[in-house]
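This briefing goes through one protein chain by topic. Please look over the sequence and the model before reading on.

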Amino acid sequence: MKIILNFIGIVAVILGVLGIFLPLLPTTPFLLLASACFARASPRMHNWLRNNRAFGKYLRDYENGAGIPLRGKVWILIFMWGSMSYSIWRSEALWLRLLVVLIGTCVTIYLTRYVPTMRIEKK
């Protein structure tokens, strides 16, 4: 089982990194999946992911229940809807356009209603 979880975790990290550059491929869900798989199968890989320079802080904050900063949520939604709008504009198939809008709407609802917003204290 550990081999399967590690394999899924590695594939999820690869897809998450690709999602940074490719529209319609989400980054955060794949990184959360990888973190969950590594937490059960490989403490070393889980530690590597949580201490990664690029996205480790966000994973640690999310896993610790602190959530995502408001600024991060805003940027996520701007980039997500920007890339999805481009995909909708370039697509000819109505069903594909509707699917993209449905996915974007579901992710937006999840992000705004179910992911906590991190409170940053002013100094």
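Which residue follows H4, and is its phi positive or negative? The residue after H4 is Gly 65, and its phi is positive, near 85 degrees. The model is a predicted one. The protein chain holds 6 helices and 2 strands, which run α-α-α-α-β-α-α-β from the N terminus on.

**Overall layout**

- The C-alpha trace of the protein chain spans about 45 × 45 × 20 Å along its principal axes.
- Of the 123 residues in the protein chain, 30% are buried.
- Among contacts in the protein chain with a separation of 6 or more, 57% are between residues 24 or more positions apart.
- The domain assignment gives domain 1 as residues 1–64 and domain 2 as residues 70–114.
- Between the C-alpha centres of domain 1 and domain 2 the distance is 22 Å.

**Nonpolar cores**

- Nonpolar side chains tend to be buried together in soluble globular proteins.
- The largest nonpolar core has 9 residues: Ala 12, Val 13, Phe 30, Leu 31, Ala 34, Phe 38, Leu 49, Phe 55 and Leu 59.
- Helix H1 (2–21) and H2 are the elements that give two or more residues to this core.
- H2 provides the largest share of this core, with 4 residues.
- Ala 12, a member of this core, is in contact with Phe 30, Leu 33 and Ala 34 when its neighbours within four places in sequence are left aside.
- Another core, of 7 residues, lies apart from it and includes Ile 68, Met 84, Leu 111 and Val 115.

**Helix H4 and its cover**

- Helix H4 covers residues 56–63, and its buried residues are Gly 56, Leu 59 and Asp 61.
- Leu 59 also belongs to the largest nonpolar core.
- Helix H2 (28–41), helix H3 (43–50) and strand E2 (117–118) are among the elements that cover the buried residues of H4.

**Salt bridges**

- Side chains of opposite charge can pair when their charged atoms come close.
- The count of salt bridges in this model is 2.
- One of them joins Glu 63 and Arg 50, with the closest N and O atoms 2.3 Å apart.
- Glu 63 lies in helix H4 and Arg 50 in helix H3, so this pair ties together parts that are 13 residues apart in sequence.
- Glu 63 counts as partly exposed because its relative accessibility is 32%, whereas Arg 50, at 18%, counts as buried.
- Asp 61 and Lys 57 also meet in a salt bridge through their side chains, at 2.8 Å from N to O.
- Asp 61 and Lys 57 are 4 residues apart in helix H4, so about one helical turn separates them.
- Asp 61 has 15% relative accessibility and therefore counts as buried, while Lys 57, at 46%, counts as partly exposed.

**Lys 73, a buried charge without a salt bridge**

- Lys 73 sits in helix H5, which covers residues 70–90.
- Lys 73 is buried but has no salt bridge.
- A polar atom of the Lys 73 side chain lies 2.6 Å from the backbone oxygen of Val 115.
- With its neighbours within four places in sequence left aside, Lys 73 is in contact with Ile 68, Leu 111, Thr 112, Val 115, Pro 116 and Thr 117.
- Ile 68, Leu 111 and Val 115 are also among the members of the 7-residue core.

- Ser 91 is in the loop between H5 and helix H6 (94–113).
- Ser 91 counts as buried because its relative accessibility is 10%.
- A polar atom of the Ser 91 side chain lies 3.4 Å from the backbone nitrogen of Ala 93.
- Leaving aside neighbours within four places in sequence, Ser 91 is in contact with Leu 96 and Arg 97.
- Asn 47 is in helix H3 and is partly exposed, with a relative accessible area of 44%.
- The C-alpha atoms of Asn 47 and Ala 34 are separated by 12 Å, and the two residues are 13 residues apart along the chain.

Technical notes
Residues numbered from 1 in each chain as written. Predicted model: local features only at pLDDT ≥ 70, side-chain atom pairs only at ≥ 80, totals over all residues. Heavy atoms only, no water. Buried < 20%, exposed > 50% of the residue type's maximum accessible area, 1.4 Å probe, protein only. Lys, Arg positive; Asp, Glu negative; His and termini not counted. Salt bridge = Lys/Arg side-chain N within 4 Å of Asp/Glu carboxyl O. Polar contact = N/O pair within 3.5 Å; in protein donor to acceptor, adjacent residues only side chain to side chain. Contact = heavy atoms within 4.5 Å. Domains from an automatic or database assignment. Core = buried A, V, L, I, M, F, W, Y, C linked by side-chain atoms within 4.5 Å.
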